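Please read the following points alongside the sequence and the model. Each point takes up one part of the chain.

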Amino acid sequence: MAEFDKDHVPGAISVPGAELVLRFADLVPSPDTQVIVSCAGLPRATSARRR
């Protein structure tokens, strides 16, 4: 969360990678919704993309 507090895209929300799969359906209203995953650590962003 410290990374998010320091810098983030306006309108972004912070979802820890471990919660992304569990909360995805609640966070994304439609399968047609474009989702952009951004992370300061490439391995974490890549992992989130695969899920």
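1. Val35 is found in the loop that runs between α2 (17–27) and α3 (42–50). The model is a predicted one, and the remarks below should be read accordingly. The relative accessibility of Val35 is 40%, so this residue counts as partly exposed; the partly exposed class lies between the buried limit of under 20% and the exposed limit of over 50%.

2. Val35 also belongs to a nonpolar patch on the surface, together with Phe24 and Val37. The accessible area of Phe24, Val35 and Val37 together is about 230 Å².

3. Ile36 likewise has its place in the loop between α2 and α3. Its relative accessible area is 71%, and Ile36 is therefore exposed, since the exposed class begins over 50%. Although Ile36 and Ala12 are 24 residues apart along the chain, 9.3 Å separates their C-alpha atoms.

4. How many salt bridges does a search of the whole structure find? The search finds 1. This salt bridge joins the side chains of Glu19 and Arg23, with an N to O distance of 3.2 Å. In general, side chains of opposite charge can pair when their charged atoms come close.

5. Where do the two partners stand relative to each other in the helix? Glu19 and Arg23 are 4 residues apart in helix α2, so about one helical turn separates them.

6. Are the partners buried, exposed or in between? Glu19 has a relative accessibility of 33% and therefore counts as partly exposed. Arg23, at 31% relative accessibility, counts as partly exposed.

Technical notes. Residues are numbered from 1 along each chain as its sequence is written. This is a predicted model: local features need pLDDT of at least 70, side-chain atom pairs count only at pLDDT 80 or more; totals for chains, interfaces and linings use all residues. Side-chain values use heavy atoms; hydrogens and water are left out. Patches are made of residues with over 30% relative accessible area and no salt bridge: like charges are joined within 9 Å, nonpolar side chains (Val, Leu, Ile, Met, Phe, Trp, Tyr) within 5 Å. Accessible areas come from the Shrake-Rupley method with a 1.4 Å probe; for residues, only the protein chains shown count as cover. A salt bridge is a side-chain nitrogen of Lys or Arg within 4 Å of a carboxyl oxygen of Asp or Glu. Helices (H or I, at least four residues) and strands (E, at least two) are DSSP runs, numbered from the N terminus. Buried means under 20% relative accessible area, exposed over 50%, partly exposed in between (1.4 Å probe, protein chains only).
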